[in-house]
Amino acid sequence: MESFMFLGFGVDAWITIITVLGMFSLLLFTKLRSDLVFLSAIGILYITGVLDAKEAFSGFSGTSVITVGVLFVVVAGLTHTGVLQWIVRHLLGTPGNYSKAVIRLMLPVAVLSSFLSNTTVVALFVNIVKMWSKKLGISPSKLLIPLSYASGMGGVCTLIGTPPNLIISGLYEEKTGEAMNVLTTTIPGLFCLAVGVLSVIAMRRLLPDRKAPETAFEATSEYTVELQVPSDNPYIGRTLGEVGLFRVKGGSLIEMYHFDDVPSPVTEDEFIMGGDHLVYAGQIDEILEMAKNHQLVSADHHVFSMNEIDKSRQLRTAYVNFGSSLIGTTIGGSTYERDNNVVLAAVARRGKRIKEVPRQVVLQAGDTLLLVCPKHINVNTSSLASDLHFFDSNEVPNIGRGTLVSTAIMITMVALSAFGIIPLLQSAFLAAAAMLIFRCCSVEQAMKSVNWDILMVFAGSAVLGLAIQKTGIAEWLANGILDVCGTNPLVVMTAVCFVATFITEFISNTAAGAMFFPIMYEAAEKLGYDPFPFLIALMVSVSSSFATPIGSPTHMLVYGPGGYRFSDFMRIGLLMNLIILAANIFIVNIVYPLTQLP
């Protein structure tokens, strides 16, 4: 079978190509979990014999994967001792204009993202930036995209700042036996960051001026809320006008349901019956106060008495994630509320009221939901977290001795690795152990901090890169690039980085890094040059996804809160991609000049 060739590829190569294309299609066009998709791809490559057992599961024992897992514990220690909150509190300040605000925001975020998870940093800053923007009189949409960009560009500045850096450096060490320093990418990363900050300021007019979604729950007629009449309501048998449910303070009645009967238009002479649904548009606090006074309840299911309603509940604002199972569905057409013990009170889209009953709205990514939740529910660890992102649920840790201890542990970890005293993996293990010993986080908090989905994707990406190299696909692509671009190393480097930047807009940067590593390595060797500077340029490129909201998890975090549209990222992002690509190629070739192999 293996002797069979078609278009220059053997059976194993075609199996790999089909598997990779199928995997990317599933990630792009379905809601399947990414870790399940990657694990399935590994299974296919193993079952078909493309990879043997050792190769298929080598990603799970790779040092870069283990390093990422251990670093989750280190980050947990920093998070639970309030390091991030302390930095936010003391660095943002009150800048006098937009340019200064961008600098005061992007630089601290970039520094934090050099050592911590980008998503952790952005999730913390989103709420703060929204409040800060009100204080400065700037639309949040003018600051949230720069926030996300800063986290991505900051992550490039160290090997531990972003997963692609770790996976590319790990693959490089396996190939050559030489380990990269944790600060290898610092100078190129800082240069690209400086260029990025200046570019955001220069292109500020391309950033949208959107209305914050939360205003949909603050201004009259900017939201809808559905209420129900319990069977023991004292107003049953009387008309809407008589009891004051037709004309209400702060809003208006827009629809009424008598079971299957929908009176249109609704008049004040309509009689009230048990089980009726009343849909109001207006100011949320006024409507909910009216509902309390008239003994109305949220319309998630029929109730018979006000005593059935849980008093220990509160309103929470959430945004529909990309890839959420709620996209394309209605809350009313499912058991979602009952399964998660929440009630949908209102829906908004890009700061505008949706003129439908909330539970009948077909949800989209980025929609703003106002939910009634139990006061003590942990929305970050419940099943809600996969579908929704809550921005009013951050735990506020105490800032004190632990803050200083965890900071010292992090600095020591980086210093030990940067100065070559011990390898990064060993210093990460020591830092994680220190975080537990000095009680910067509990064992339970440490275990919960480990994101197994990310580790699965990380390990799977490494295995895909191995398959691409083993089957000759990498060599074929490298030869193709050389045929098109010639033998000029700068042109080849630029071409591969350009394609990698484009690809990472649609797939995870970890997968892009693993996929393009063998291609870039092969191309450099065929040209007769040391692959090291080529790989540094690749690290920056696969983390430079600015043009689509699906290009980075941090873009997804700001998409809903900023009230953005998909095209908002493209307006400024396409130019940012080209600008950072040029800055990347320029600085890498100055810091790490191209050298020919002996």
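The model is predicted.

The protein contains 23 helices and 12 strands. Of its 598 residues, 55% count as buried. Contacts were also sorted by distance along the sequence. Among contacts with a separation of 6 or more, 78% involve residues 24 or more positions apart.

Two helix pairs were examined. Helix α8 spans residues 141–155, and helix α10 spans residues 186–202. The two pack at an angle of about 165°, and their axes lie 10 Å apart. An angle over 145 degrees counts as roughly antiparallel, so α8 is roughly antiparallel to α10. The crossing of α8 and α10 is right-handed. On the α8 side, the contact is made by Pro146, Tyr149 and Met153. These residues meet Gly189, Cys192, Leu193, Gly196 and Val200 of α10. By class, six residues of this contact are nonpolar, two are polar and none is charged. Gly counts as polar in this scheme.

The other pair joins helix α19, residues 489–503, with helix α21, residues 532–542. Their axes are 9 Å apart, and the packing angle is about 25°. Angles under 35 degrees count as roughly parallel, and α19 and α21 are therefore roughly parallel to each other. Their crossing is right-handed. Helix α19 contributes Pro489, Met493, Cys497, Ala500 and Thr501 to the contact. Their counterparts in α21 are Pro533, Phe534, Ala537, Leu538, Ser541 and Val542. Nine residues of the contact between α19 and α21 are nonpolar and two are polar. No charged residue takes part in the contact.

The strands were examined through β11. Strand β11 covers residues 368–374. It is mostly covered, with seven of its seven residues buried. In a regular strand, side chains alternate between the two faces of the sheet. Strand β9, residues 343–349, pairs with β11. The two strands run antiparallel and are joined by five bridges. One of the residues in this pairing is Val347, whose bridge partner in β11 is Leu369.

How values were computed. Residues numbered from 1 in each chain as written. Predicted model: local features only at pLDDT ≥ 70, side-chain atom pairs only at ≥ 80, totals over all residues. Heavy atoms only, no water. Axes fitted to C-alpha atoms, helices over the stretch in contact; angles between N-to-C directions. Helix = DSSP H or I, 4+ residues; strand = E, 2+ residues; numbered from the N terminus. Parallel < 35°, antiparallel > 145°, perpendicular 65-115°, else oblique. Left-handed = near helix turned anticlockwise from the far one by under 90°. Contact = heavy atoms within 4.5 Å. Buried < 20%, exposed > 50% of the residue type's maximum accessible area, 1.4 Å probe, protein only. Pairing = 2+ DSSP bridges.
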